[in-house]
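Let's take a friendly walk through a protein model. Please have a look at the sequence and the structure below before reading on.

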Amino acid sequence: MTVSAFIAGCGGLELTADETAFFQDINPWGLILFQRNCEGREQIKALVSSFRSTVGRKDAPVLIDQEGGRVQRLKPPVWRQYPTAQQLGELYEIDPEQALT
């Protein structure tokens, strides 16, 4: 089956029957995760596995926008809190070496 040239999202913590049918039919290149899709490690692993099984490609890309600050899909206490770009810029002005680590 031909892989479609787009990255799909899904509505929740697991694929619905409609999403599964759509992904099987359209075969998107990858999946992007948003906050609504991220509850914990095991849940995310199950969602990724389900997507990859649905499209029949164990290497299908899964992406997430994790910039830090307000744009942080993976949050504490499970994942690390990342600083905002502004905070990193301010730290760089004081201690460039520390800001780069």
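The report below starts with the whole protein and then visits a few residues.

## How the model was read

This is a predicted model, in which local features need pLDDT of at least 70 and side-chain atom pairs count only at pLDDT 80 or more, while totals for chains, interfaces and linings use all residues. Residues are numbered from 1 along each chain as its sequence is written, and side-chain values use heavy atoms, with hydrogens and water left out.

## The whole protein

The protein has 4 helices and 5 strands, arranged along the sequence as β-α-β-α-β-β-β-α-α. Here helices (H or I, at least four residues) and strands (E, at least two) are DSSP runs, numbered from the N terminus.

Its C-alpha trace spans about 55 × 25 × 20 Å along the principal axes. The radius of gyration is 17 Å, whereas a compact globule of 101 residues would have one near 13 Å. That radius is taken over C-alpha atoms, and the globule rule is 2.2 Å times the number of residues to the power 0.38.

Of the 101 residues, 29% count as buried. Buried means under 20% relative accessible area, exposed means over 50%, and partly exposed lies in between (1.4 Å probe, protein chains only). Contact means heavy atoms within 4.5 Å; among contacts with a separation of 6 or more, 53% come from residues 24 or more positions apart.

## Arg57 and Asn27

Arg57 sits in the loop between helix 2 and strand 3, and it counts as buried because its relative accessibility is 17%. Leaving out residues up to four places away in sequence, Arg57 touches Val3, Asn27, Pro28, Trp29 and Arg52.

Asn27 belongs to the loop between helix 1 (17-26) and strand 2 (28-33). Because its relative accessibility is 3%, Asn27 counts as buried. Its phi is near 55°, a positive value in a residue other than glycine.

## Along helix 2

Gln43 lies in helix 2 (residues 41-55). Is Gln43 buried or exposed, and why? Gln43 counts as buried because its relative accessibility is 15%. Its side chain reaches the backbone oxygen of Leu13 at 2.8 Å. Beyond neighbours within four places in sequence, Gln43 is in contact with Leu13, Asn37 and Cys38.

Side chains of opposite charge can pair when their charged atoms come close. A search of the whole structure finds 1 salt bridge, meaning a side-chain nitrogen of Lys or Arg within 4 Å of a carboxyl oxygen of Asp or Glu. The side chains of Lys45 and Glu42 meet in a salt bridge at 3.4 Å, N to O. Both residues lie in helix 2, 3 residues apart, about one turn of the helix. Lys45 counts as exposed at 53% relative accessibility, and Glu42 is exposed with a relative accessible area of 56%.

## Leu63

Leu63 is found in strand 3 (residues 62-64). Its relative accessibility is 32%, so Leu63 counts as partly exposed.

Methods: A polar contact is a pair of N or O atoms within 3.5 Å; within protein, one must be able to donate a hydrogen and the other to accept it, and residues adjacent in sequence count only if both atoms are side-chain atoms.
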